[in-house]
Amino acid sequence: MMDSQELNPVQENLEEQPKHTYATKQEVLERVKELAHGEETPQKAEVDILKTVFYKLHLAEREAQMKEYLDNGGNPEEYRVMPDADEEAFKAEMSIIKEKRQKAFIEQEAEKQDNLKKKLDIIEKIKAMITSPEEANKTYQEFKALQQQWKETKAVPAEKANELWRTYQLYTEQFYDLLKLNSEAREYDFKKNLEAKTKLCEAAEKLADEPDVISAFHQLQELHQQYRDTGPVSKDLREEIWNRFKAASTVVNKRHQQHFENLRAQEEDNLTRKTALCEKVEAIAKEENKGSADWEKHTKQIIEIQQEWKTIGFAPQKMNVKIFERFRAACDDFFGRKGEYFKAIKETFAANVEKKKALVEQAQALKDSTDWKSTTDKLINLQKEWKTIGMVPKKIGDQLWNDFLTACNTFFEARNAATAGTRNEERDNLTKKRDIIEQLKQLAEEAGDNLQAKVQELVDEYATIGHVPFKEKDKIFKEYHTILDKLYNDLNISTARRKLDSFKSNLKNMAERGANVLDNERARLLRRYDQLRQDINTYENNLGFLNASSKKGNTLIEEMNRKVQKLKDEVELIKQKIKAIDAENKE
């Protein structure tokens, strides 16, 4: 007797996975329509894959549409997913397929139950023949008819199939053993069965070279069914022919099993790769984005990962949807926060645009003014304020800057045309001051008599010269005072000392005009002293706020330090004058 457990070592309900690949939703939809309205019964594996592929393409398309919307400056809160005609059509066709599969399933189950009843009835009839051995020869033709009826009756419920076949095979062999046909007829029957089973063995052995492993497996199932339906061979050959068929079946089944093991291994590898991509996107989504450049850099990285994701095949069915949902959630988290960031940027841009528009309006209102000094200061302040305003969109920013610059240039060009003579005078003044500086440098090298008087003469002349070009003012100022400080230091000229000596020499004259004159002078000096101390404090406080990082800042600080020192020198002179008055009063 054949071992029925060897007939189906791999589950028969493993369905062939579709080999076709789909590049667009329309291709998937066409195949779904074929299944919905064609004659073939849709297989679950293909239906599931069609559904997965369609929504993978559909979600990728929606994501690309949203990205394009955001990249073009769209507001994330205003974005709406539009209805998709392809998706609606897909859902409608899938509903038809679902009804079609359900109907086919019900019909198949009903047919299997009917076939079960028919085969049980055949077994009962053969069983009844065995109970009457003497009638075996007479009922042989009826037995052959029952065998043919068994062959023609197809599938039964899977859970009943093996037990049903074992029972049928048992009673069939018992009938043959009891059969009292003449040896020639009996041997002829065994011979025909042996020929049939040998052909089945040869067909099974050829399947070892079939390139399509799935097709080979399904063909083997058909050969098994034919082997079951073929009558017995002589007892001495039964085990041998079965072992041959079983060996050929084992080769095909192992190839089939290995194919699915490889497929499962590939799916596991795909799951590992997709998990790694999820981790990459999640890590990128957690990184801090300090500005637009960081957001764009990370966006590029995630898009590259999304492209790599598309090159990886399916993960195991139980994890395929879950891993995609994890990947999509990480991407949605990143792009959602990116949308919020650029929404805030957009609001900031809008505020900056309004600020710059206000400056443009102010500049345009001043462009025709002829109050050169006041308007120049106002426009320079507007330009400084312009620099403090943040970025705006490039297109409108360029237009605003052009309008602002045009207004400023209109004024400055008019001012320059009106003050051209003044500029020429300033250049002449610059030449004169440089000439005096050169003379002072020459005096610094001399040691002749009356040097102090010559220096004073040049100083007086320098003081009569007017303004120089604004850009040269700080430079000429520094150069002049540097050589002057050197001369005063070398000559030991003490202006304060000369003034004090002169003041002391006049004290007696002042005293002669009356005692109140000295008191009034002392009071005046005290008021001046207090005023100078306040001025010194003010300058020193202001110095604390100045930034000396620029050349201009350094020049301003130097000038203020000179003023402070001058004030301190005057304070010291006043103190000495007060002491002189007090000494005169004692006398």
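Which residues are buried in H2? Glu46, Val47, Ile49, Leu50, Val53, Phe54, His58 and Leu59 are. Buried means under 20% relative accessible area, exposed over 50%, and partly exposed in between (1.4 Å probe, protein chains only).

## The model

This is a predicted model: local features need pLDDT of at least 70, side-chain atom pairs count only at pLDDT 80 or more, and totals for chains, interfaces and linings use all residues. Residues are numbered from 1 along each chain as its sequence is written, and side-chain values use heavy atoms, with hydrogens and water left out.

The protein chain has 18 helices and zero strands. Helices (H or I, at least four residues) and strands (E, at least two) are DSSP runs, numbered from the N terminus. Of the 587 residues in the protein chain, 33% count as buried. Take the contacts in the protein chain between residues at least 6 apart in sequence: 80% join residues at least 24 apart. Contact means heavy atoms within 4.5 Å.

## Helix H2

Helix H2 covers residues 44–71. At 1.5 Å a residue, its 28 residues should span 40 Å, and its end C-alpha atoms are 40 Å apart, which agrees. The expected span is 1.5 Å times one less than the number of residues.

The buried residues of H2 pack against helix H1 (25–37), helix H3 (85–130) and helix H10 (317–366). Gly73 follows H2. The phi of Gly73 is positive, near 90°.

## Helix H9 and His298

Helix H9 runs over residues 292–310. Its 19 residues should span 27 Å at 1.5 Å a residue, and the end C-alpha atoms are 27 Å apart, in agreement. Trp295, His298, Thr299, Ile302, Ile305, Gln306 and Trp309 are buried in H9. Seen down the axis of H9, these buried residues fall within an arc of 125°, so they line one face of the helix. The arc is that of the directions from the helix axis to the C-beta atoms. An α-helix has 3.6 residues a turn, so residues three or four places apart point the same way.

On the other side of H9, Ala293 and Lys300 are exposed. The buried residues of H9 pack against H2, helix H8 (235–286) and H10. His298 has a relative accessible area of 1%. Not counting residues up to four places away in sequence, His298 touches Ile284, Glu287, Glu288, Asn289 and Phe334.

## H8 against H10

The axes of H8 and H10 come within 9 Å and cross at roughly 20°. Axes are lines fitted to C-alpha atoms, for helices over the stretch in contact, and angles run from 0 to 180 degrees between N-to-C directions. H8 and H10 are therefore roughly parallel to each other. Angles under 35 degrees count as roughly parallel, over 145 as roughly antiparallel, 65 to 115 as roughly perpendicular and the rest as oblique.

H8 passes H10 in a left-handed crossing. That means the near helix is turned anticlockwise from the far one by less than a right angle; clockwise would be right-handed. Leu271, Leu277 and Val281 are among the H8 residues at this meeting. Ile323, Phe327 and Phe334 are among those from H10.

The axes of H3 and helix H5 (residues 158–178) come within 9 Å, crossing at roughly 25°. H3 and H5 are therefore roughly parallel to each other. H3 passes H5 in a left-handed crossing. The H3 residues that meet H5 include Leu116, Ile123 and Ile130.

Glu99 also lies in H3. Glu99 is exposed, with a relative accessible area of 58%. The C-alpha atoms of Glu99 and Ala36 are separated by 9.3 Å, though the two are 63 residues apart along the chain.
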